[in-house]
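Me: I am new to this structure. Please walk me through the terms used for it.

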Amino acid sequence: MWCANVEWSEIDCGEVLSLLERYVDDEVPLEAREPIEQHLVECPECLERKEFRVRLQEIVRTKCRRAELPPGLEDKIRSALARTV
Ligand SMILES: [Zn+2]
């Protein structure tokens, strides 16, 4: 993984990924957001994962407000998440 050559960031992909869920939920303190955002600017892999989570969160929120999840969607989300992590 090319992210191992971190010169441009104080935190690595593992740390970003472990914080990503809370970051997307806006639960990361401000001082921790900055290095994450910096990392996302320079790491397409983590950016892609972050955007995936943001989209997923939007989908879940929208669907949950309007109606129950369609059959199979929950499984799809679960397996998608399992692939991402
Ligand atoms: Zn990364």
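Me: What makes the crossing of α1 and α2 left-handed or right-handed?
Reply: This is a predicted model, in which local features need pLDDT of at least 70, side-chain atom pairs count only at pLDDT 80 or more, and totals for chains, interfaces and linings use all residues. Residues are numbered from 1 along each chain as its sequence is written. A crossing is left-handed if the near helix is turned anticlockwise from the far one by less than a right angle, and right-handed if clockwise. The crossing of α1 and α2 is left-handed. V16, L19 and Y23 of α1 make the contact with A32, R33, I36 and H39 of α2 (C-beta atoms, placed from the backbone, within 7 Å).

Me: Why are α1 and α2 called roughly perpendicular?
Reply: Their packing angle is about 115 degrees, and their axes are 11 Å apart. Angles under 35 degrees count as roughly parallel, over 145 as roughly antiparallel, 65 to 115 as roughly perpendicular and the rest as oblique. Therefore α1 and α2 are roughly perpendicular. Axes are lines fitted to C-alpha atoms, for helices over the stretch in contact, with angles from 0 to 180 degrees between N-to-C directions.

Me: Which residues of α2 are buried?
Reply: They are I36, H39 and L40. Buried means 20 or more other C-beta atoms within 10 Å of a residue's own; exposed means 12 or fewer, and partly exposed is in between, with C-beta atoms placed from the backbone.

Me: Which exposed residues does the face of α2 turned away from its buried side carry?
Reply: That face carries L30, E31, E34, E37 and V41.

Key. Helices (H or I, at least four residues) and strands (E, at least two) are DSSP runs, numbered from the N terminus. Two residues are in contact if their C-beta atoms, placed from the backbone, lie within 7 Å.
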